[in-house]
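Trainee: I would like to go through the labels used for this model and hear the grounds for each.
Mentor: Ask about them one at a time.

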Amino acid sequence: MWAALAGGVGGAKLARGLMALTPVNIADLRIIVNTGDDFTLHGLHISPDIDTVLYTLGGIANPQTGWGIAGDTTKVLDQLTTLGEDPWFWLGDRDLATHLLRTRALSAGDGLAKVTADLARRLGIPAWVRIMPMSDDVVSTEIQTPDGWLPFQEYFVRRRHADPVSDVRFAGLARARPLPAALEAMRSAEVVVFCPSNPIVSIGPILALPGMRDALAHRQAGRRRIAVSPIIQGQALKGPADRMLEGLGYEVSALGVARLYVGLVDDFVLDSADADLAPAVAQLGMRPHVLPTIMTDAAASLALAQAIAQVVQA
Ligand code: FO1
């Protein structure tokens with residue numbers, strides 16, 4: 001069994017490549033997804049990162065944005081606007097069906113893990129690829145800016161992640177437990193892949209859940225933990241990871257990301273453009289691997305997943 005830790009678009013792209021290696025090269029893949037970005041809008045439970053992984057692996061993601069459904073329309077948003085609402089968060093008509101089903105099932109008492117597994121089956125994702133939330137409990141990422149603490153989507157979408165970030169916290173963490181299947185995957189997966197997602201607000205909430213770091217830090221013979229840098233040449237491919245690292249006082253480079261994962265990973269993948277950082281990564285006690293990591297299409301996702309499989313099986 002392989003496990004992958006994923007946030008939004010970058011995580012979903014590598015997960016798509018890993019899925020293409022199942023069930024022949026990887027018998028069983030568990031994808032543990034950040035839910036710190038989840039929130040309620042128009043009374044609906046939105047899980048943006050889970051949906052990005054579901055849609056990408058289900059083959060219906062919008063290729064331009066990476067999130068949402070390809071070719072989706074905006075009739076509901078348009079009518080909300082007509083009725084005087086501010087449509088600051090773009091919810092397509094087809095995407096809304098997911099939020100309706102999820103909210104209905106959660107209201108009926110199902111957990112987010114059950115709802116997510118059900119949506120994955122409905123989207124035709126095979127049973128040996130299990131997409132799961134990091135927890136069934138609510139954990140909400142909040143961002144400290146000069147205007148105070150903001151809920152994640154307020155900072156990210158409404159204010160277009162333009163505010164300087166001085167701190168990040170995960171509300172609800174004290175009462176939250178990781179999903180038992182996610183914790184078990186951290187303990188027993190032959191390979192754990194940290195996808196190229198934001199280390200602070202995508203991978204960060206997963207690692208912050210009680211027991212997750214301990215489960216991962218447990219080094220067993222033959223077990224491999226490998227991370228892919230989401231920072232290339234000092235910049236995030238998508239989103240505010242670079243500015244967040246800077247605001248929190250970390251070095252804005254693949255090396256800065258590697259430092260955050262010391263003790264948690266054995267192998268670290270740097271983009272070909274960052275080959276010069278490999279010796280410094282090795283000094284942290286990780287094996288550096290220099291690979292092309294930009295996943296412009298499904299073929300590039302597969303190529304990166306195959307390269308990772310070669311690295312860990314070497
Ligand atoms: N991101 C945006 O930048 N603007 C949006 O209006 C937006 C809507 C949206 C709707 C559904 C969904 O699943 C994701 C959506 N995202 C949007 C992406 C998402 O909010 C962020 O990319 C993640 O939370 C960060 O990983």
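Predicted model: local features only at pLDDT ≥ 70, side-chain atom pairs only at ≥ 80, totals over all residues.

Trainee: Which residues touch the most other members of the largest nonpolar core?

Mentor: Leu 5, Ile 32, Met 186, Phe 194, Tyr 261 and Phe 268 do, in a core of 52 residues. At least three residues of this core come from each of domain 1 (2-139 + 173-313) and domain 2 (140-170). There is also a second, separate core of 44 residues, including Ile 131, Val 191, Leu 291 and Ala 300.

Trainee: Why is Thr 141 called buried?

Mentor: The relative accessible area of Thr 141 is 1%. Buried means under 20%, so Thr 141 is buried. Thr 141 lies in strand β6 (residues 140-145). Not counting residues up to four places away in sequence, Thr 141 touches Gly 36, Leu 150, Pro 151, Phe 152, Val 168, Arg 169, Phe 170, Val 201 and Pro 205.

Trainee: What makes the pair Asp 267 and Arg 224 a salt bridge?

Mentor: The closest N and O atoms of Asp 267 and Arg 224 are 2.9 Å apart. The cut-off is within 4 Å, so the pair is a salt bridge. Asp 267 lies in strand β13 (residues 267-271) and Arg 224 in strand β10 (residues 224-228), so the bridge ties together parts 43 residues apart in sequence.

Trainee: Are Asp 267 and Arg 224 buried or exposed?

Mentor: Asp 267 has a relative accessible area of 0% and Arg 224 has 13%. Both values are under 20%, so both residues count as buried.

Trainee: How do you know that Glu 154 and Arg 158 are separated by about one helical turn?

Mentor: Glu 154 and Arg 158 are four residues apart in helix α6 (residues 152-158), which means about one helical turn. Their side chains meet in a salt bridge at 3.0 Å, N to O. A network of salt bridges links Asp 86, Glu 154 and Arg 158.

Trainee: What makes Glu 251 and Arg 259 a salt bridge?

Mentor: Their side chains meet at 3.2 Å, N to O, and the limit is 4 Å, so the label holds. Glu 251, at 36%, is partly exposed, and so is Arg 259, at 43%.

Trainee: How many salt bridges does a search of the whole structure find?

Mentor: The search finds 14.

Key:
Residues numbered from 1 in each chain as written. Heavy atoms only, no water. Core = buried A, V, L, I, M, F, W, Y, C linked by side-chain atoms within 4.5 Å. Buried < 20%, exposed > 50% of the residue type's maximum accessible area, 1.4 Å probe, protein only. Domains from an automatic or database assignment. Helix = DSSP H or I, 4+ residues; strand = E, 2+ residues; numbered from the N terminus. Contact = heavy atoms within 4.5 Å.
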